[in-house]
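Q: I would like to go through this structure with you. Could we begin with how its parts are named?

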Amino acid sequence: MPQTPLLPPAILLMGPTASGKTACALALARSLPVEIISVDSALVFRDMDIGTAKPSAAEQAACPHHLIDILSPEEAYSAARFCEDARRLMGEITARGRIPLLVGGTMLYYKALREGLSDLPEADPALRREIEEAAARDGWPALHAELARLDAAAAARLEPNDAQRIQRALEIVRLTGEPLAASYARREATPDSHRYIPIALSPGDRAVLHARIEKRFDAMLLAGFVDEVVALRRRYTLDPGLPSMRCVGYRQALEYLEGDCDLQTFRSKGIFATRQLAKRQITWQRNFRENWGDLVEVECLEDRLESRVLELVESRIGS
């Protein structure tokens, strides 16, 4: 029987924040004909550069980048739109004789791309407003407690102050009248157009990653992060409920600018929130390891990380 031809390759390079994804991606770009597709729900927003650790203009000029600076901070992006955009771009990049390199830390986007999207109800503006008003009045821990009464399993997976996820979980449970897991179980998969090469950067020593996060947050502050948020508020009509302002660091910066905390508290909250983000990203990767037999994990704290990732990719590109 004739062999089925291999699908064209697409590299998935994921990892928690501050794990070295950008440096690895640029190292791959120096050796392979890749174009980078950002897998990051924050990098889609224009004028949000410092707090998102967006690749610099020089880094973006070194290799074609996609799905960066495509929306105003007043707009919203979704996993469904990411999948649509990413699949279109992957096809275009392959048609140019190049290799799609998907890089970022928004793990939901990777899951949606590989496993399909769940059949979830559309956002309900009235219900969302009602939930936000309740949170403003009673606090997100109270909303987390309500979610626990309605869906204990869903609440157990969320932190009591994880506003964005608590809001969406409550919205889905109230709209469907069933546990979150039931909605997520209904999935529509899209046939793969590419052969994925998934690589996850994983820290063996969480304390070292935490130190990196702290150092990077301080560097953001020195680079003018607060001034960036001041400029955003002048240019756009923003509120804490927007997806852009729920990004780690920006939510805490808004609290500081509103006078709800001092600079030191803002710094501490921002670092803590970033560490919590990394913890969630690592948990996602653990789930991928259990469900994706082709996932390869690389110690992101090793000295020769970039060359190790290049070796792995080169060994699998032609296989």
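A: Helices (H or I, at least four residues) and strands (E, at least two) are DSSP runs, numbered from the N terminus. This is a predicted model, in which local features need pLDDT of at least 70, side-chain atom pairs count only at pLDDT 80 or more, and totals for chains, interfaces and linings use all residues. Residues are numbered from 1 along each chain as its sequence is written, and side-chain values use heavy atoms, with hydrogens and water left out.

Q: Where is T17, then?

A: T17 sits in the loop between strand 1 and helix 1.

Q: Is T17 buried or exposed?

A: T17 counts as buried, with a relative accessibility of 9%. Buried means under 20% relative accessible area, exposed over 50%, and partly exposed in between (1.4 Å probe, protein chains only).

Q: Which residues is T17 in contact with?

A: Leaving aside neighbours within four places in sequence, T17 is in contact with L209, I213, R216, T274, A278 and Q281. Contact means heavy atoms within 4.5 Å.

Q: And what about G15: which residues is G15 in contact with?

A: G15 is also placed in the loop between strand 1 and helix 1 (21–31). Its relative accessible area is 0%, so G15 is buried. Apart from neighbours within four places in sequence, G15 is in contact with K21, G104, G105, M107, L201, Q281 and Q285.

Q: Which residues does UniProt place in the "binding site"?

A: The UniProt record, an unreviewed entry, places the feature "binding site" at G15, P16, T17, A18, S19, G20, K21 and T22. UniProt positions are given in the numbering used here, feature names are shortened, and annotations may be inferred rather than shown by experiment.

Q: Changing topic: how many residues has the largest nonpolar core?

A: The largest nonpolar core has 47 residues, and those with the most contacts inside it are M14, F82, L102, Y110, F225 and Y250. A nonpolar core is a set of buried Ala, Val, Leu, Ile, Met, Phe, Trp, Tyr and Cys residues joined through side-chain atoms within 4.5 Å.

Q: Which elements supply at least two residues of this core?

A: Among them are strand 1 (9–14), helix 3 (79–95), strand 7 (195–202) and helix 13 (263–291). Helix 3 gives the most, with seven residues. A second, separate core of 21 residues includes C24, V34, I199 and L310.

Q: What does F225 touch?

A: Not counting residues up to four places away in sequence, F225 touches I50, G51, F217, M220, G249, Y250, A253 and F266.

Q: At what angle do helix 5 and helix 6 pack?

A: Helix 5 (residues 125–138) and helix 6 (residues 140–150) pack at about 125°, with their axes 7 Å apart. Helix 5 is therefore oblique to helix 6. Axes are lines fitted to C-alpha atoms, for helices over the stretch in contact, and angles run from 0 to 180 degrees between N-to-C directions. Angles under 35 degrees count as roughly parallel, over 145 as roughly antiparallel, 65 to 115 as roughly perpendicular and the rest as oblique.

Q: Which residues make the contact?

A: Helix 5 contributes I131, A134, A135 and D138, and helix 6 contributes W140, A142 and L143.

Q: Where is L67, and is L67 buried or exposed?

A: L67 lies in the loop between strand 3 (65–66) and helix 3. L67 counts as buried, at 8% relative accessibility. Although not a glycine, L67 has a positive phi of about 65°.
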